[in-house]
Amino acid sequence: MPELMYREALNQALAEEMERDANVFLIGEEVGRYNGAFKVSQGLLDKFGSARIIDAPISELGFGGMSVGAAMVGLRPVVEMMTWNFAILAMDQIVNNAAKLRHMSGGQLRCPIVFRGPGGAGGRLSSQHSQSLEANYAHFPGLKVIAPATPADAKGMLKSAIRDENPVIMFEGERLYALKGEVPEGEHVVPLGKADVKREGTDVTVITWSRMYYFCMQAAEELAKEGISVEVLDLRTLRPLDEEAILASVRKTNRAVIVEEGWALAGIGASVVDIIQSKAFDELDAPVERVTGLDVNMSYAANLENATQPDAPKIIAAVKKVLYRQGA
Amino acid sequence: MEAPAVASPYSKDLLLTMYRKMYLIRRFEERAGQQYTLGKIAGFCHLYIGQEAVAVGPIEAMRKDDYMLSAYRDHGQPLARGSDAGMVMAELFGRGTGYSKGKGGSMHIFDIEHQFYGGYGIVGGQIPLAAGMAFASRYRNEDRVTVCYFGDAAANQGALHETFNMASKWKLPVIYICENNRYGMGTAISRTSAVPEIYKRAAAYDMRGEPVDGMDVLKMYEAVKDAAAWCRAGKGPVLLEANTYRFRGHSMADPATYRSKQEVEEERKGDPIPKLREYAIKNGLGADADFERIEEEVKAQVDAAVKFADESPEPSLDELWRDTIVEPGEPDVRPRERVLGVKVENWPSYPSGQELKVTWDLEPRAQAEAADKKAGLTN
């Protein structure tokens with residue numbers, strides 16, 4: 001299986017879906033002649049032309065909403081947001097229109113559209129450019145929200161998202177784009193709504209998604225050296241949550257730690273805890289722990305930035321806490 | 001009666017059709033207002049009374065397959081496009097037989113069969129959507145035009161400026177009709193706008209813009225006929241500012257105390273409905289008997305609409321779990337088929353992704369390179 005960077009896997013998914021379906025077009029800032037701010041759309045303008053790879057003005061609300069309109073009448077837009085921080089400007093169109101068209105029209109309209117771009121900290125970018133905003137979107141009925149961690153999932157889930165009949169919000173990551181992994185060639189489609197056990201274990205379930213996945217794997221490796229067997233469950237889709245997979249894993253290990261880059265209050269992890277406590281309370285051997293970004297704005301200074309985010313040592317500490325092996 | 005000096009360019013049929021549609025909107029809205037006070041309709045209910053010409057003129061000038069969408073003062077356009085009055089009223093009543101199964105209410109009328117793509121409740125939120133629909137027409141090389149209504153207050157939303165820029169740059173076939181009724185809810189537009197003549201804003205985007213007498217259905221008809229031809233010829237978007245007036249408050253909840261009685265009385269003299277009737281009679285294109293017959297028929301139609309809505313059941317509770325997410329293989333709902341059991345043939349269909357050939361070159365390479373060069377880039 002070829003090894004690809006995350007950005008190359010996304011590029012493949014886009015090219016394959018655009019070849020498969022002429023209704024698919026990509027619009028966003030710098031996606032065309034510049035070949036993408038993060039090079040996800042490298043080479044696509046030459047391949048598909050300027051009506052299908054569209055350099056948009058810096059008008060997130062405008063081109064976001066325009067794309068929703070195109071989706072209402074049968075096209076399948078992929079909207080690249082340079083980062084999800086900027087997409088806050090487009091939130092009215094995503095939330096008030098895309099997410100509600102099916103409902104407001106009583107089932108007459110559908111809105112097959114993908115909004116995608118990097119979320120989370122990019123590294124030394126301070127507070128306006130470092131937010132993990134997936135919980136905001138996961139809040140809204142009418143949207144699907146995905147956050148793949150690996151290149152293979154990035155490719156397979158983007159393909160599924162483009163083929164989906166609903167608005168899909170896709171969180172990528174500035175620090176994921178250059179990561180490499182094995183990616184199946186050709187028709188590799190990963191269904192939305194399905195979590196994936198990326199590492200099997202028996203002592204504790206660590207639940208995560210997107211870039212935090214790599215810290216969890218790192219922590220699992222370290223803990224294995226101490227004889228602790230960690231199961232890593234990659235949620236991949238944040239709306240709808242894969243309850244079945246969450247409960248199956250927790251019922252097996254009886255302990256859970258949830259790792260989230262974003263803030264704790266009203267985070268995705270809070271909803272995962274709620275699922276576990278209401279449906280698997282009797283099977284828990286310890287309270288569920290959460291490792292999250294600190295409840296502060298992100299700083300530029302390297303030491304402050306690092307301290308704000310979850311990392312492997314914090315995850316290791318949380319795992320030991322649910323195993324009652326603190327200080328061990 | 002003396003024959004007019006210059007013959008009217010309009011047919012009797014067209015004038016009577018326009019009269020019927022304007023009168024239908026007037027009568028429907030009067031009854032909706034009355035039903036609101038009886039408690040049959042709740043929430044927000046924005047009446048179109050006074051603005052009928054702004055909907056009817058353009059609709060008669062458009063093609064049936066042209067797209068249309070509006071803001072939340074949205075009962076008039078679908079009625080004029082041919083929607084079932086009973087099903088519109090049922091939507092206002094929150095009944096399962098409404099166009100959106102009672103899920104949308106007064107602000108969200110959608111009738112895709114008649115190419116009416118909705119009423120939207122966030123001021124200016126429909127403006128980018130319209131550009132996107134026009135984009136899709138251009139992308140598929142169709143010569144459809146999209147007509148989008150918005151109120152005067154929406155002209156101060158960022159969405160409008162962002163969209164006008166793109167629509168003009170990409171020459172999208174979209175006609176924006178600003179329904180300038182002079183008040184954004186209770187605030188006079190001149191109090192909040194540096195340039196209260198909305199049409200002038202088109203100039204900032206090198207886009208065609210002009211004012212129209214929105215109290216004259218024939219002027220609205222001519223303006224949109226001309227604008228539609230312009231759009232179909234690939235010349236880009238048009239902004240029309242229809243200067244109009246609502247005879248009632250912003251919504252049923254608004255007593256409109258910010259306007260003087262005198263002002264409203266004065267504006268009522270410009271009522272577009274008797275104006276058309278006088279024009280037709282003067283030109284020998286209709287007699288009192290024609291108009292009386294139309295009025296009787298419309299009254300009966302609206303009575304039946306109210307009765308239909310009132311006798312309809314509320315939506316079933318199962319409906320709560322439908323229409324949030326489209327399930328795989330789930331078809332779209334055709335309202336008249338669902339409610340009235342009639343076969344709805346007129347439903348938009350487009351070439352599949354395998355059949356479609358995109359030939360549009362939105363930004364030719366040479367043009368992009370010339371712009372780069374002009375900006376001082378050398379590579």
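Mentor: The buried residues of α2(B) include Glu52(B), Val54(B), Gly57(B), Pro58(B) and Ala61(B). A residue is buried if 20 or more other C-beta atoms, placed from the backbone, lie within 10 Å of its own. This is a predicted model, in which local features need pLDDT of at least 70 and side-chain atom pairs count only at pLDDT 80 or more, while totals for chains, interfaces and linings use all residues. Residues are numbered from 1 along each chain as its sequence is written, and chains are lettered from A and ligands numbered from 1 in the order in which they are written.

Trainee: How many residues of helix α2 of chain B are buried?

Mentor: Helices (H or I, at least four residues) and strands (E, at least two) are DSSP runs, numbered from the N terminus. Helix α2 of chain B spans residues 52–61, and it is largely enclosed by the rest of the structure because its buried residues number 10 of the 10.

Trainee: Which strands stand at the edges of the open sheet of chain B?

Mentor: The sheet has 6 strands in the order β2-β1-β3-β4-β8-β7, with parallel pairing; two strands pair if DSSP finds at least two bridges between them. An edge strand has a single partner, so one side of it is left without a neighbour in the sheet; the strands in question are β2 (116–119) and β7 (208–213) of chain B.

Trainee: What distance separates the centres of domain 1 and domain 2 of chain A?

Mentor: The domain bounds, from an automatic or database domain assignment, are 3–182 for domain 1 and 196–322 for domain 2 of chain A. Taken over C-alpha atoms, the separation of the two centres is 26 Å.

Trainee: How many residues does each domain of chain A give to the contact?

Mentor: Two residues are in contact if their C-beta atoms, placed from the backbone, lie within 7 Å. On that basis, the contact takes 23 residues from domain 1 of chain A and, from domain 2 of chain A, 22 residues.

Trainee: Which element gives the most to the side of chain A that touches chain B?

Mentor: In this contact, 43 residues of chain A meet 47 residues of chain B. Elements giving two or more residues to the chain A side are α3 (60–72), α5 (91–98) and α6 (101–104). The most, 10 residues, come from α3(A).

Terms used:
A residue is buried if 20 or more other C-beta atoms lie within 10 Å of its own, exposed if 12 or fewer, and partly exposed in between; C-beta atoms are placed from the backbone.
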